[in-house]
Amino acid sequence: MADGSVDILKDARAKAYATALADLNPAQPELFQSNTMWPIFERLRKEDPVHFTAESEYGPYWSITKYNDIMAVDTNHQVFSSEGGITIATQDGDEGPLPMFIAMDPPKHDVQRKTVSPAVSPMNLAILEPLIRERAAKILDSLPIGEEFDWVDKVSMELTAMTLATLFDMPQEDRRKLTYWSDVVTAVPGHGLIDTLEQKMQIFIDYHAYFTELWNQRVNAEPAGDLISMLAHGPETRNMSPREYFGNIVLLTVGGNDTTRNTITGSVLALNQNPDQYAKLRANPDLIPSMVSETIRWQTPLAHMRRIATQDFEMGGKTIKKGDKVVMWYVSGNRDDEVIHDPDSYIIDRERPRQHISFGFGIHRCVGNRLAELQLKIIWEEILKRFPDIQVVSEPKRVFSTFVKGYESMKVIIPTRL
């Protein structure tokens, strides 16, 4: 199955199957932090794939847990709207949730997405590739040999922050601000990073001020190829409100940061837990692209997306009512054995490795998915040139979140260089 100790998972399975079906509530961050949500999703896929949770800390919501049902919701934006937010936990301030194009429906969504998409076009990725490779090489060459260190901090965060800072055309010395702000956006108060919602809002003031300054610089300069300039000069975005601009910055920060970095970490963990697959990869580095896709499925760096029903809708013999919150559990869809063969196993040479739901489907499919794959491909090409092995030395510390399925830290040792 997934990683985690056998006993803990056995207890979690017993609890999941002993709970009354109507009372099952997968949206508990502690389950994701302990990696024990799997049995709940397994049961829901089997017994109640369109499941209503009447009471949770996020209010009532529907869980969509099977691959094809998730795809049906994700590709039907007329019935399942993104307006107002994409996570089960919507933190409404005085003015409501921040507007951002992922939390919009057409036509506004389409024109805003189109404005920034050239930054991750195939042409731009070809330009970025040598720079990402040079940075990956430098990061890996600086790692200690034979000493324990945190892979998340030294590698995963570094490479993704460097790439994102380049896309924003901001100083590289400020790149870790992006990591910090990205973590604050999705952090739950009282679980490490921030203590209160007020503290979070205070950090947002600094975050907002930094990117307002970048906007002011770019709007008064000639149009350029970075994300800020594209927003400042795009005909559909140059007149957006400061809140909407900031909302899109938050989206691009989290989207460009959390997902790739957690999959880089997840790849090292998955290969450690599956030494036969690690041996297969070392014997045949041509499997890297396939391994990257399998890791993105296995990791599922964003566990869910949510929608709001715009009308009553029949699904799986249930009636989803207009206004209901509908949660697509990508993390569950990626383990659906009716679509994916042996989904709990990590198999780097699957026949169809790109058959996963981690990037979403339809109009909201991840705009930076090819950049994510590129960074993962490059880091592993460079790892295999240098290190015969990377050993995970203890259970990683996972994020307390039902949205970001990721890692706070993971201790590793690299025994030797090639």
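Biologist: Which helix supplies the largest share of the lining of the second largest pocket?

Modeller: That helix is α11, with three residues of the lining. Please keep in mind that this is a predicted model. Helix α11 spans 242–273, and α8 (175–186) and β11 (407–409) also supply at least two residues each.

Biologist: How much space lies in this second largest pocket, and which residues are closest to its centre?

Modeller: The second largest pocket holds about 300 Å³ of space. Its lining comprises 17 residues, and D183, A187, L193, V399 and E408 are the closest to the centre. By residue class, the lining divides into nine nonpolar, four polar and four charged.

Biologist: How many cavities of 30 Å³ or more are there, and what lines the largest cavity?

Modeller: A cavity differs from a pocket in that the probe fits inside but cannot get out. The count here is three cavities of 30 Å³ or more, and the largest contains about 70 Å³ of space. Its lining consists of F32, N35, M37, Q299, R398, V399, S401, V404, K405, G406 and Y407. Five of these lining residues are nonpolar, four are polar and two are charged.

Biologist: Let us turn to charged pairs. How many salt bridges does a search of the whole structure find?

Modeller: Side chains of opposite charge can pair when their charged atoms come close. In this structure the search finds 33 salt bridges. One of them joins R386 to D141, with the closest N and O atoms 2.7 Å apart. This pair links distant parts of the chain, since R386 lies in helix α15 (residues 369–386) and D141 in helix α6 (residues 122–141), 245 residues apart.

Biologist: Which residue does R175 meet in a salt bridge?

Modeller: R175 meets E158, at 2.9 Å from N to O. E158 belongs to helix α7 (residues 151–168) and R175 to helix α8, 17 residues apart. E158 is buried, with a relative accessible area of 14%.

Biologist: What is the N to O distance between R335 and D344, and how accessible is each residue?

Modeller: Their side chains form a salt bridge at 3.3 Å. R335 is buried at 2% relative accessibility, while D344 is partly exposed at 21%.

How values were computed
Residues numbered from 1 in each chain as written. Predicted model: local features only at pLDDT ≥ 70, side-chain atom pairs only at ≥ 80, totals over all residues. Heavy atoms only, no water. 1 Å grid on protein atoms, 1.4 Å probe; cavity = no way out; pocket = protein on both sides within 12 Å on 5 of 7 lines; lining within 4 Å. Points joined across faces, edges and corners; volume = space filled by probe spheres on them. Nonpolar A, V, L, I, M, F, W, Y, C, P; charged D, E, K, R; others polar. Helix = DSSP H or I, 4+ residues; strand = E, 2+ residues; numbered from the N terminus. Salt bridge = Lys/Arg side-chain N within 4 Å of Asp/Glu carboxyl O. Buried < 20%, exposed > 50% of the residue type's maximum accessible area, 1.4 Å probe, protein only.
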